[in-house]
Amino acid sequence: MVFMIRFSRALVAVIGVLALLATSACETGAAAEGTKPGQLLIVTAFYPFQFIAEQIAGPRAHVTSLTKPGAEPHDLELTPRQVASVYDADLVVYQRYFQAAVDEAVAQNGNAHGTDNVLDTASVVKLEDHGPLGEQNNDPTDPAGITNLDPHVWLDPIHMITITQAVDRKLDSIDPVHRADYNRNAARLITQLKSLDAQYRSGLATCQRKEFITTHAAFGYLAERYGLKQISITGLSPDTEPSPARIAQVQQIAKAHGITTIFYETLVSPAIARSIAGDLGLKTDVLDPIEGITRQSRGNNYFTVMKSNLTALQRANGCT
Ligand SMILES: [Zn+2]
């Protein structure tokens, strides 16, 4: 009986995969539509990884992002066609524990070319638990702290360098003929990231205050790298509503530290930041978690938005 149940479950799974493959077979043409002959297909989970892949592969690959520009990456859902593209891709770049739908697509179907063609960036940049609001994880139902792992590693240029090196290594082994191109492009990107790091380092070296207040807690790695302290209103998830008690607490913190600015971000409503700032007579400004580039973004790529963020932080924190 147990055997039968197992067997029928297995059968259902096989039928499911066959159905998926059938869909993928008819849609591969459409999914790979942007891929020119000889080009690799690189499927990335969200914008910063797309940016890295495009910079390294250049014309050698067609790079897509599973998170569309302007969409919230935190609660991404995948279409069957996107699930198929994860399976078909020559390289998949994602970050485990961030987007459950992508984790599932990778875990259940894998990739047609094998596990070597999938890069989990969490295996090269260790995710840290900055706590739901920046405190340590103390949730007894989640002792491993998986739900509190902070995904926003890309806002730290040094972590971006590590991910760049990992993508470069993957492309070197997947397409060794063009290794010299990938190495050259990766080296150029790393030089630019080092220069960005230097700008942040010197730009934030002398600030009147270290604390900054943001809506969602995207800037933990950045704060840690450059000696600032992030205070978040809503925690790691961008669409959580803060309680009145939390708002009162944040207002106390703002007063205590002489905060001038409450930051909000481009993809989420500024209403909460505006009401807190309004009560205290403070300014609001944008600090962009770079989870996607839209026409509202203050810059058209990772570097220009990172520089806008630096300027906003310097202004808010009195850095000279
Ligand atoms: Zn986020």
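Helices here are DSSP runs of H or I with at least four residues, strands are runs of E with at least two, and both are numbered from the N terminus. This is a predicted model, in which local features need pLDDT of at least 70, side-chain atom pairs count only at pLDDT 80 or more, and totals for chains, interfaces and linings use all residues. Residues are numbered from 1 along each chain as its sequence is written, and side-chain values use heavy atoms, with hydrogens and water left out.

Let's start with the sheet. Four strands make up an open sheet in the order β2-β1-β3-β4, and their pairing is parallel; two strands pair if DSSP finds at least two bridges between them. β2 (61–65) and β4 (118–120) sit at the edges with a single partner strand each, so one side of each has no neighbour in the sheet. From one strand to the next, the twist averages 15 degrees. If you look at β3 (residues 91–94), you'll find three bridges in the parallel sense to β4, and the bridge partner of V93 in β4 is L119.

Now for the helices that lie across those strands. Axes are lines fitted to C-alpha atoms, for helices over the stretch in contact, and angles run from 0 to 180 degrees between N-to-C directions. Contact means heavy atoms within 4.5 Å. Helix α2 (residues 47–57) lies across β1 (40–44), β2 and β3, and runs at about 175 degrees to β2. Helix α5 (residues 157–174) lies across β1, β3 and β4, at about 165 degrees to β3.

α5 also has a helix partner. It packs with α6 at an angle of about 180 degrees, the two axes being 9 Å apart.

Next, α4. Its buried residues are A101, V102, D103, A105 and V106; buried means under 20% relative accessible area, exposed over 50%, and partly exposed in between, with a 1.4 Å probe and protein chains only. The cover over these buried residues of α4 includes α3 (80–88), β3 and β4. After α4 comes G110, with a positive phi near 65 degrees.

So what holds the inside together, in terms of contacts? A nonpolar core is a set of buried Ala, Val, Leu, Ile, Met, Phe, Trp, Tyr and Cys residues joined through side-chain atoms within 4.5 Å. The largest one has 74 residues, and I42, V167, L171, I290 and Y302 have the most contacts inside it. Helix α10 (residues 302–317) gives the largest share of this core, with eight residues. Setting aside neighbours within four places in sequence, Y302 touches Y47, F51, W154, L155, D156, P157, M160, L193, L196 and I290. There is also a second, separate core of 13 residues, with I213, Y264, A273 and V286 among them.

Most residues other than glycine have a negative phi. I290 is not a glycine, yet its phi is positive, about 50 degrees. You'll find I290 in the loop between β10 (283–286) and α10, and it is buried, with a relative accessible area of 0%. Y97 is another non-glycine residue with a positive phi, about 80 degrees. Y97 lies in the loop between β3 and α4 (100–109) and is partly exposed, at 35% relative accessible area.

Finally, the covalent link. A disulfide is a pair of cysteine sulfur atoms within 2.5 Å, and by this rule the count comes to one. C207 is joined to C319, S to S 2.2 Å, and the link is right-handed, with 100 degrees about the S-S bond. The pair ties together distant parts of the chain, 112 residues apart: C207 is in the loop between α6 (179–203) and β7 (211–216), and C319 is in the segment after α10. C207 counts as partly exposed at 23% relative accessibility, whereas C319 counts as buried at 11%.
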